[in-house]
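Visitor: I would like a short tour of one model. Please show me the sequence and the structure.

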Amino acid sequence: MTAVTDRRAELSAALQEVRGRIARACVAAGRPADAAHLVAVTKTYPASDVVLLAGLGVTDVGENRDQEAAPKAAAAAEAGATPRWHFIGQLQRNKARSVASYADVVQSVDSVRLASALDRAASSLRDDPLEALVQVSIDGDPARGGAAGDDIWRVSDSIASSTSLRLGGVMAVAPTDWDPDRAFEQLKSISDRLIASHPDSKMISAGMSGDLEAAVRHGATHVRIGTSLLGMRNPLR
């Protein structure tokens, strides 16, 4: 019990600091303090941390590997925690059915074929549409995933035309060799163009522990925070 109490206190302190950073970044950008929403990235951490975070008021949790996320979501639910699950990692089409069974949002849709696979899975598994974001490749590097150029609009149109998916907006990771402000300014421009065609697709998922302030400056509505919230991860996992 002491270990659980200690971990809860640790997470509570980190959560207060992260929420403060987000609020300060929003105010500095001339936005309301609550304009950017926290997605706690719990990859490599146990379901017990998800349960503790939910008890501390965290409503959104992100995972990037289905083989970890699926059992973790089930274990958290069994313990009474039902956050909004975001799948944020590169997704193979053969995992679409599994992810559609527990995720509320898939942030990493980067091809028409993946959108189609998620559409088929969601149509047979869900009563409500699965929210999907177009993952944008800022620099066009295929190794990191993401759609670039005209593919962005092909993917977004594919999601928007689906009856089992709902186009929520865009997501991106700033390339490590780019200035974050430059990267997120580019993402904001893409988001503005998307909203012009799909007015309800206003979500911008951008920014992590090291660059959330830059993301918020350029309109991020959701920031994905792992290390600053849960601690350094085991590099072997």
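Visitor: Where is Thr-44 placed?
Guide: This is a predicted model, where local features need pLDDT of at least 70, side-chain atom pairs count only at pLDDT 80 or more, and totals for chains, interfaces and linings use all residues. Residues are numbered from 1 along each chain as its sequence is written, and side-chain values use heavy atoms, with hydrogens and water left out. Helices (H or I, at least four residues) and strands (E, at least two) are DSSP runs, numbered from the N terminus. Thr-44 sits in the loop between E1 and H2.

Visitor: Is Thr-44 buried or exposed?
Guide: Buried means under 20% relative accessible area, exposed over 50%, and partly exposed in between (1.4 Å probe, protein chains only). Thr-44 has a relative accessible area of 13%, so it is buried.

Visitor: What is the phi of Thr-44?
Guide: Thr-44 is not a glycine.

Visitor: Which residue with a positive phi follows H2?
Guide: The phi in question is near 100 degrees. The residue is Gly-57.

Visitor: Which residues of H2 are buried, and what do they pack against?
Guide: The buried residues are Ala-47, Asp-49, Val-50, Leu-52 and Leu-53. Contact means heavy atoms within 4.5 Å. By that rule, they pack against helix H1 (2–28), strand E1 (37–41), E2, H3, strand E3 (84–87) and helix H9 (227–230).

Visitor: How are H2 and H3 oriented to each other?
Guide: Axes are lines fitted to C-alpha atoms, for helices over the stretch in contact, and angles run from 0 to 180 degrees between N-to-C directions. The axes of H2 (residues 47–55) and H3 (residues 66–78) come within 9 Å and cross at roughly 50 degrees. Angles under 35 degrees count as roughly parallel, over 145 as roughly antiparallel, 65 to 115 as roughly perpendicular and the rest as oblique. H2 and H3 are therefore oblique.

Visitor: Which residues of H3 meet H2?
Guide: On the H2 side are Ala-47, Val-50 and Val-51. They meet Lys-72, Ala-75 and Ala-76 in H3.

Visitor: Is Asp-60 buried or exposed?
Guide: Asp-60 lies in strand E2 (residues 60–63). Its relative accessible area is 5%, so Asp-60 is buried.

Visitor: Which side chains make polar contacts with the side chain of Asp-60?
Guide: A polar contact is a pair of N or O atoms within 3.5 Å; within protein, one must be able to donate a hydrogen and the other to accept it, and residues adjacent in sequence count only if both atoms are side-chain atoms. Another, of 2.8 Å, goes to His-37.
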